[in-house]
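Dear colleague,

I am handing over the structure below, with my notes after it. Please read them with the model open beside you.

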Amino acid sequence: MADLSIEFCGIKSINPFWLASAPPTDKAYNVVRAFEAGWGGVVWKTLGEDPAAVNVSSRYSAHYGKNREVIGFNNIELITDRSLEINLQEITQVKKDWPDRVIIVSLMLPCEEKLWADILPLVEATGADGIELNFGCPHGMPERGMGAAVGQVPEYVEMVTRWCKTHSKLPVIVKLTPNITDVRAPARAAKAGGADAVSLINTINSITHLDLDQMVAFPIVGGASTHGGYCGSAVKPIALNMVAEIARDPQTKGLPISGIGGIGNWRDAAEFMALGSGCVQVCTAAMLHGFRIVEEMKDGLSRWMDEKGYKSISEFVGKAVPNTTDWKYLNMNYQVIAQINQDDCIKCGRCYVACEDTSHQSIAQLIDAATGTRTYEVIKEECVGCNLCEITCPVQGCITMVPQETGKPYMNWTQDPRNPRAENIKVTETV
Amino acid sequence: MMIESLKYMPQPKEANATLAEHFTDLAPALNARQAAIESSRCLYCYDAPCTRICPSDIDVASFIRNIHDENINGAAVGILKQNILGGSCSRVCPTEILCEDACVRNHDAEGQPVKIGLLQRYAIDNMTITEHPFKRAASTGKKIAVVGAGPAGLSCAHRLAMLGNDVVIYEAKEKSGGLNEYGIAKYKLTDNFAQKEVDFLLQIGGIEIKHGQTLGGNVQLKDLHVQYDAVFLGLGLGASKQLGLTGEDAPGLLAAVDYIAALRQADDLSKLPLPARAIVIGAGNTAIDMAVQIQRLGAEEVTLVYRRGFDAMSATEHEQHIAKENQVRMRTWAQPQQVLLDEAGRVRGMRFEKTAIVNGRLAGTGETFEIAADAIFKAIGQGMDEKSISDPLAKTLKRDGDKIHVDDQFRTVLPRIYAGGDCVAPGQDLTVQAVQHGKLAAHAIHQDINGMKEAA
């Protein structure tokens, strides 16, 4: 079996699966259970200044799929509501008992250097492997000038990161908020401040759904609600893009990334890694299913690596980054056309109505006069290769998008004669 | 209802309450969670095969989507606007050969159709509509006679009333509902559902039902034709076919539909006559209903005999399976040859002749066997009750075989007289189709009689 051990910004971990700073890592009891289950590390739930935060009831809500599977998860919980002293004691003990496991301590404090300078030695004394700066929490804490309120201002990100590097020898991971227009700005700031790594994404501002009788959003706290932070598999596409943005940004290229956002199985993890994540953090999936999921994640990842011939994780970290580019560099001459495998088709008509109503009228419905049987066929001349039919088809593999032999060379938009602002000189030549 | 032919028989050993438990829902209703799970399986097909095959044109994908979106009333009204008897159809429809057979999830890879029948039942049973969901159009001043308060007649009456016409239904029996009330196995329509459904249907208003009115008896078609703007015949098939054997009238030999009707109407199941050993002749759903019900009442030995093989049975595979599950013995390739009587002239069994296909035709092989039985139930099909269409006008109705001929608008050859359901030629012995006939005939009637007015 492939070797799952990693070294992430100088921190050695027996596997790349860490639990993110969140309720599952709030106290020793949970963390010990996580280590027993096989997690490589945890980011201890965010510590702050005393007195500890106070939480409300209720705290979570969810966005459900058709069969009540949780697609997205929303929370309004604050940072740890236990005292700094108890947390530090527990971290020390757990690290002592589990020396081969990673413990990163998440921190959130107001933007005053002294507060950071005071707490960092205490954290270092626990034996923790590193710190993660919580610049992402989108609910509650920003109202007090912390969390996302810091993460949304690159100057603050850089400043606090520098304080931490100044007052501690521990590796500093800066956790980024997605509630920002361009995630590259705070990532660049973190790097400028001396960060050893970034982790992302934190949760996204969200309201999952409403009680239409009481006219109030969930989670309900005494007849009112507030926006929370959104996570779970629904945010994975957003997280993957942000990870890729940082991974392919020339200014942050090479900065270690701890990928977070909707990771629930080995494939999700592999995808984050392929886009540049050196390790991954998991929360929602564990909250929904328990710590045991790490077993399948490890098994699945290492078997896939064996199959592909990867001996270590570093061999494929970032391997999909070069293939992630700007739109303008996509090949304008590439063409795919939908193909329906009639043997697999169950005649549900979804591809037809989707294409007919909302796309390019490229699927024909043929009705057998004798039996009334419907057959759906692609009109090749009309198909633009949008993938919609393939997406709406309920039978996996029934509709495939087949690359066409166009005989034309690679030509991107900057070279395309149809582009009035084409950068390439060839445009004028062809005119 | 007393069954004269069996009055000397013993009665079930079990008490009524225990027997009643044998006649609860054969397929229990879905609860909310089951409905949520099942409705989530629907792929919301476009031009959906389930809807295309539904004889009553119910938009299946739409009502299932409404169930999933917790719009149960929307789902129910969506069903009822196409099929006002959607509640009983959800219970008695042979969905295994209709919508659930057509369901795309019945494809090889899965082989598990969405439980459309049970979802339809869920919608109807759980709707919380307090007012009748359909309003009557402005009065046309027209009055239509409907003969027969079965599914075809009721459906026709409801639609006619909805379109603004007044309706008088002439029903021979004490209760409305037709086969839903008298003919369907008790465990398929429980809790007096047929009557509740009729009550719901009548809420639309403008429909009067006269009971004890028998066409060809105290009511004549020629009179209705004179008194009303139009007449719809939803007669059903009231006559049980005969075996054509000596002893056909002997005590112990009767039509299955008569026994089923008595069972359906019995207040106390333990007072029903119960043969220890019974033979059921036939292979349709009525034969299965008969065999299974008498077995459940406590008969010791029930044998269903059919002259052809299993493949030719009109009872669906699902129905055959129910019979097997209820320990009904099934004997194929044998035809009745002689009713065996005891010294008192009562049934003691039947002699059968084995059959085979010879030169493409069914023929007796000459080899015989006997089955001892205390009662024989005929379920070899129903035919037109000729008495009901015996007046001078009715006799001029064109017939297709013994059924009434109608055009694609359910018009008979006589002006202003329409017919639908099992009594017409396109009938397939399906409740859902009878409902559709009634509905379509109502539109034709409405258009014809009101169009005439405009023309004049």
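In helix α11 (residues 350-358) of chain A, the buried residues are Arg350(A), Cys351(A), Tyr352(A) and Cys355(A), where buried requires 20 or more other C-beta atoms, placed from the backbone, within 10 Å of the residue's own. Among the elements that cover them are the strands β18 (363-367), β19 (374-378) and β20 (399-403) of chain A, together with helix α12 (388-392); helices are DSSP runs of H or I with at least four residues, strands runs of E with at least two, numbered from the N terminus.

This is a predicted model, in which local features need pLDDT of at least 70 and side-chain atom pairs count only at pLDDT 80 or more, while totals for chains, interfaces and linings use all residues. Residues are numbered from 1 along each chain as its sequence is written, and chains are lettered from A and ligands numbered from 1 in the order in which they are written.

Chain A has a mean pLDDT (the predictor's confidence in each residue, from 0 to 100) of 95, with 98% of its residues at 70 or more. Over residues 427-431 of chain A, however, pLDDT stays under 50. Where pLDDT is low, the predicted coordinates should not be read in detail.

As for the interface, eleven residues of chain B are in contact (C-beta atoms, placed from the backbone, within 7 Å) with twelve residues of chain A. On the chain B side, α2 (32-40) and α3 (49-53) are the elements that give two or more residues.

Finally, Pro113(B), in the loop between α7 (99-102) and α8 (116-126) of chain B, is buried, with 20 other C-beta atoms within 10 Å.

Best regards

Terms used: Contact = placed C-beta atoms within 7 Å. Buried ≥ 20, exposed ≤ 12 C-beta atoms within 10 Å, placed from the backbone.
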